[in-house]
Amino acid sequence: KNSVKAMEKELVTCSLQGKEKAALKRSQIFQIPGSKGLETKVIVVLGKAGMGKSILVQKICQDWSNGEFSQFEFVFWFDCKQISLPEKRYSLKDLLLEFFVKPQEGSKEIFEYILQNPAKVLLVFDGFEGLCDHENFPRCSASQPEKDLCSVKELLSGLIQKKILNGCTLLLTARPKDKVYQYVSKVDKTIEIVGFSTQQREVYITKYFKGLPYCDNALKLIKECEYLFSHCYSPVMCRFVCFLCETVLEMGDKSLPSTLTTVFLKFVQQKVIPMQTDVTAMQNQESLATLARIAWYLGEKHQSAMKSDLLPSKEVKEFALKYGFFLPFAFPRHSDSGEEEFGSTFSDFVVQNFLGALHLMLAEEIKDKSLTKYLSFPSKKKKPYNWLDLLPRFLAGLLFLQDDPYFCSLSNKDVNQSTRKQKTLLKYIRRLQINELCPERLLELLHCIYETQSNYLLQHVALRLKPDLSFLGIVLTPPDVHVLHSILKRSTKEFSLDLRNSSIDMQGLKDLVGLKNVTSFRASLSDTVRLWKSLEQIKDYELLRASTEKFVLDPFKAKTMKDISDLSDLVEMQDKMINCVQDASGCSSYEIPAIIIPAIKNLRKLEFALGPVRGLQGFLKLVEILAAFPSLQHLDLDALSENGIGDEGAKSLSEVFPTLTSLETLNLSQNKITDVGAEKLATALPFLSSLKTLSLYNNSICDFGAENLAKVLPEMTSLRVLEVQYNKITGVGAQQLTDSLRKCPHIKNLVMWNPTIPYGVLEHLQQLDSRISV
């Protein structure tokens with residue numbers, strides 16, 4: 001259990017949520033700064049299903065075949081959902097030179113060369129979650145793993161553990177929520193594919209319809225259906241929407257379905273109905289129900305493929321292949337037997353999700369009361385059906401489509417049975433404590449409710465949202481933002497949103513911030529500044545003013561150089577706005593209104609935690625803008641990793657003390673400040689007219705520093721607490737501070753324990769003045 005927690009911490013560390021998005025060329029994927037090349041390197045590519053991970057690895061293989069990535073002489077690519085099926089045992093040689101590709105001659109020599117030159121080998125395992133069942137992942141226990149027969153899972157485990165082919169490069173692709181880091185102890189590089197931007201969606205759609213007479217109409221039609229257009233951030237979903245749009249335009253229709261459920265109902269309809277006759281309708285109905293059952297049971301096992309001979313009948317197999325629900329593939333012949341085996345895999349993860357939901361609707365053995373357990377928004381820690389993560393949305397949507405003529409034609413089930421299931425869902429959601437759901441569960445609920453398009457449910461949820469909604473660190477995709485926006489605007493409540501580290505796109509941020517009932521918001525500074533600059537460019541001064549008034553900065557914690565840089569950009573933007581209004585030769589006041597950013601004016605607490613490597617560099621940059629925060633009351637430089645601003649940082653800070661008239665708490669603990677820095681601080685401390693607490697705990701201040709502090713204490717009339725424990729002050733410095741304390745009736749507490757002060761001396765000083773504590 002503890003090891004799992006450790007791995008989850010590593011996952012947080014490797015996550016890209018808190019990092020700046022950056023375009024990464026394929027040629028940069030294998031660049032790992034500081035790697036020595038002696039041990040196996042593990043690179044993980046994360047991305048939701050349908051984001052294009054498989055296309056990426058195929059392009060890598062293609063690039064290599066065209067002369068790119070010359071550091072590798074051998075590249076082996078495995079589709080995990082396929083190689084996991086025939087649970088046979090292989091040696092490493094079998095896996096590489098029999099299973100993957102069989103050389104016409106020299107297999108033995110080639111394999112020996114591979115063993116002797118592992119650094120020249122790239123192994124790609126696409127869909128890593130296909131090998132990791134949700135219960136366990138076997139460890140490689142073979143004594144000679146290169147020669148002994150093992151399962152594919154054990155061989156991969158041996159590669160990860162560096163027992164096999166140590167020094168090679170492993171490229172694993174997986175979904176973000178799958179526990180990759182539970183099985184991989186060390187990852188050298190993590191890359192996350194985030195999908196299409198708005199512009200990329202438009203480019204894809206335009207290229208899809210290029211040359212067709214309704215090319216312009218197609219893009220317009222899709223963009224008008226904002227919900228479907230938001231889903232086009234996923235390449236796979238974009239392809240589905242384009243296919244459906246093409247069908248709709250060819251039939252002369254003027255509108256697209258409004259939900260994912262109706263999109264896929266239409267998708268199935270377009271595949272099956274045109275080729276269907278009265279004779280085949282019943283057979284197709286039965287085949288679809290069987291396929292839906294297979295989709296569900298495979299999904300429960302975190303699988304999307306199966307051996308073809310396990311399909312229940314020839315009719316089902318032909319139906320699945322004929323209408324494109326299944327794609328066939330062949331297993332390479334095993335060296336032991338010459339028999340060729342075939343497998344079938346669902347053509348797409350979304351199709352499997354939709355069919356799985358259809359099964360739950362059609363299956364007689366699943367009673368209406370048990371349906372709610374398949375929805376994934378109960379406030380519980382476990383989420384057993386997260387592999388079929390779109391299934392709850394399709395299920396909710398189908399429950400409200402029982403009157404749809406095509407849905408009725410899919411099944412001969414009693415309509416009353418569907419109505420009972422719908423009532424069960426309504427009753428369940430009415431009893432749900434919506435304001436207690438965690439952010440992920442809340443988003444899932446919003447998606448499910450949106451799919452129902454039930455005005456009653458949409459309004460019910462909107463009225464029960466809590467006013468403070470935090471999505472801190474939760475990735476908000478364009479569809480997430482769309483459903484959140486559509487439900488928030490239905491509510492009569494006022495909302496405060498925390499969107500920091502949510503990877504929200506510009507349009508999504510603009511839409512949420514623009515809601516009148518969103519009265520305050522927090523977002524990553526870089527996103528916020530980018531939003532304001534774009535609003536300034538398009539001269540939307542009304543939203544610019546409103547969003548600056550809603551923005552909240554307090555409290556702010558700087559943990560990276562980027563945080564400091566973003567804070568500087570924020571201050572610079574305000575200066576620009578003020579100067580622009582004042583500069584008559586530039587833009588006049590009627591063009592750009594005088595906008596003051598209240599968040600800057602109202603910042604009261606600022607924490608600085610950059611650590612020892614960038615601490616001084618970042619702090620010197622922070623000091624340059626401290627004067628911009630007139631209400632700053634609490635400046636905290638005490639970080640667990642120790643910032644180490646030293647004497648140079650203390651000197652720089654002391655120079656801006658005259659501008660920090662509101663500062664009440666100054667924490668400079670654990671910053672390697674010596675007597676030199678203490679002297680600079682002491683000279684300027686009286687300028688801090690509101691200072692109540694000063695902490696210099698665990699620095700390197702000696703008696704000379706203590707003497708300088710003692711001199712200015714009487715002048716610091718607002719000071720109530722001084723902490724100088726764990727420095728290098730001796731009895732001499734302690735005596736000077738105690739003598740000064742007699743002249744400072746305003747001081748309530750002096751914390752002064754130092755290992756260099758003899759205990760008897762400190763005890764004596766405490767008896768002289770009870771305000772001295774340890």
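Start with the whole surface. The accessible surface of the protein comes to about 35,800 Å², and 51% of that belongs to carbon and sulfur atoms. Areas come from the Shrake-Rupley method with a 1.4 Å probe, and for residues only the protein chains shown count as cover. The model is predicted: local features need pLDDT of at least 70, side-chain atom pairs count only at pLDDT 80 or more, and totals for chains, interfaces and linings use all residues. Residues are numbered from 1 along each chain as its sequence is written, and side-chain values use heavy atoms, with hydrogens and water left out.

**The whole chain**

Switch to cartoon view. The protein has 32 helices and 19 strands. These are DSSP runs numbered from the N terminus: helices are H or I with at least four residues, strands are E with at least two. Of the 774 residues, 52% are buried. Buried means under 20% relative accessible area, exposed over 50%, and partly exposed in between (1.4 Å probe, protein chains only). Among contacts with a separation of 6 or more, 76% join residues 24 or more positions apart. Contact means heavy atoms within 4.5 Å.

**Aromatic pairs**

Now show the rings. The whole structure holds 24 aromatic pairs. Select Phe196 and Tyr204. Their ring centres are 5.7 Å apart and the planes meet at 40°, so this pair is tilted. The cut-offs: rings of Phe, Tyr and Trp (its six-membered ring) pair if their centres lie within 6.5 Å; planes under 30 degrees apart count as stacked, over 60 as edge-to-face, and the rest as tilted. Phe196 is partly exposed, at 22% relative accessible area. Tyr204 is partly exposed too, at 25%.

Next, select Phe264 and Phe394. Here the centres are 5.5 Å apart and the planes are at 70°, so the pair is edge-to-face. Phe264 lies in helix 12 (residues 260–272) and Phe394 in helix 16 (residues 391–399), so the pair ties together parts 130 residues apart in sequence. Phe264 and Phe394 are both buried.

**Charges over rings**

Stay with Phe240. Arg239 lies over its face, 5.5 Å from the ring centre. Then go to Phe229, where Arg201 lies over the ring face at 4.9 Å from the centre. The rule asks for NZ of Lys or CZ of Arg within 6 Å of the ring centre and within 35 degrees of the ring normal.

**Cysteines**

Select the cysteine sulfurs. A disulfide is a pair of cysteine sulfur atoms within 2.5 Å. The count is zero. Cys238 is in no disulfide; its nearest cysteine sulfur belongs to Cys232, 3.8 Å away. Cys238 is buried, at 0% relative accessibility. Cys242 is in no disulfide either, and the sulfur of Cys238 is the nearest, at 4.5 Å. Cys242 is also buried at 0%.

Move to helix 28 (residues 646–654). Its buried residues include Gly646, Gly649, Ala650 and Leu653. Among the elements covering the buried residues of helix 28 are helix 27 (611–623), strand 14 (634–636), strand 15 (665–667) and helix 29 (675–684).

Finish at Phe629, in the loop between helix 27 and strand 14. Is Phe629 buried or exposed? Phe629 counts as buried, at 1% relative accessibility. Leaving aside neighbours within four places in sequence, Phe629 is in contact with Leu553, Leu567, Val571, Ile600 and Leu603.
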